[in-house]
Amino acid sequence: MPVFAANLTMMFNEWAFLDRFDAAADAGFATVEYLFPYEAAPEAIAERLARNNLQQALFNLPPGDWAAGERGIAALPGRFDALKADVERALDYAEATGVKRLHLMAGIADPQDEDASSTYRRSVTYAAGRLAEKGIDLLLEPINGRNMPGYFLNDFGAAERLIAECGLPNLKLQFDIYHRQIIHGDVTMALRRLLPITGHIQIASVPSRNEPDGEELNYPYLFGEIDRLAYDGFVGCEYVPRGHTLDGLGWFKPFARS
C-alpha cells in the first residue's frame, strides 16, 4: 500500500515546526516531507527524525528570496553561482536527515525565453550531477499557474522531455496529482505512462487542495492504481487541512503506523 509522508509545512501547523515531527509520528506517519528546512538547524531536525523513528522523504533546495516573491532561481539568468551555493546548503541538510530526494524549484520566468531555458537546463544538469555524487535524486515538479502564476515549469510534457534529453539516471519527475489535474487532467493514464521516470508523488483534493477525501478526484481508486503500478516510492500529503490537522485524518487511518 502507499507509504504516505506528512507534509510538515502544510500539515500540523498547530505545532511549532520541530514539534510537528512528534505530532506526525503520534498520528501514525512513518515518513515526513516539507518545503524548506533552512530555518532550523540540521542537527535539530535529525534528532527529531531519530527520536520518532521517522524517515525523511523529500524537501526543496533553497528557493531564493521567498518573501520577495521568488519561487526558485534555477531558470533565472545570472543566478548560477547562487544556485551552486544553494546546492551545497541543501546537501548539508541531506547529510543530516538521510534524505534521498531533493526538489529543485525553477522560478518565475517565461518558458519561451531562450536565456531562461538554457539557464534552467544548465542548473538542472549541475544540480543533478552534484547530487548524484551523494546518491541523491533530483526532482522536477510542474506547478500549475493558478497557484503559482508565471512559474517556469508549468507543463508535464516539458518536464518529461527535459528528463529524457538530459539522460541523467538520478533526474526524476515529481508527480503532484493536484497540479497534474489542474494543468492537464487525465491523471490515471499519466501515472501509468510516467511512473518509470517518477521519483515522488504528492496528493491533495482538487480544487480546494484539502484532504484527499472528496471533490473531483477519486483518491481511493488512485491509491489502488498506485499499488497496481507497483510504485515503491513515497506519497507526500501536500495539502492544507480544512480545520485541525488531526480532525481531517480519517482518510489516513487505514494506512497509519500502529
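**Note on the annotated active site and the largest pocket**

1. In an unreviewed UniProt entry, the annotation "active site" covers E141 and E238. These residues are spread over 98 residues of sequence, yet they cluster in space, with a largest C-alpha distance of 12.9 Å. The model discussed here is a predicted one.

2. E141 is located in the loop that runs between β5 (137-140) and α5 (156-166). Its relative accessibility is 4%, so E141 counts as buried, the cut-off being under 20%.

3. Setting aside residues up to four places away in sequence, E141 touches H103, Y151, L153, Q174, D176, H179, Q202 and E238.

4. Apart from neighbours within four places in sequence, E238 is in contact with N7, M10, E33, L35, E141, D176, Q202, I203, A204 and R209. One of these residues, R209, is joined to E238 by a polar contact of 3.1 Å between the two side chains.

5. The largest pocket holds about 350 Å³ of space. It is lined by 14 residues, of which L35, F36, P37, Y38 and E39 are the closest to its centre.

6. By class, nine of the residues lining the largest pocket are nonpolar, two are polar and three are charged.

How values were computed:
Residues numbered from 1 in each chain as written. Predicted model: local features only at pLDDT ≥ 70, side-chain atom pairs only at ≥ 80, totals over all residues. Heavy atoms only, no water. UniProt positions renumbered as here; feature names shortened; annotations may be inferred. Helix = DSSP H or I, 4+ residues; strand = E, 2+ residues; numbered from the N terminus. Buried < 20%, exposed > 50% of the residue type's maximum accessible area, 1.4 Å probe, protein only. Contact = heavy atoms within 4.5 Å. Polar contact = N/O pair within 3.5 Å; in protein donor to acceptor, adjacent residues only side chain to side chain. 1 Å grid on protein atoms, 1.4 Å probe; cavity = no way out; pocket = protein on both sides within 12 Å on 5 of 7 lines; lining within 4 Å. Points joined across faces, edges and corners; volume = space filled by probe spheres on them. Nonpolar A, V, L, I, M, F, W, Y, C, P; charged D, E, K, R; others polar.
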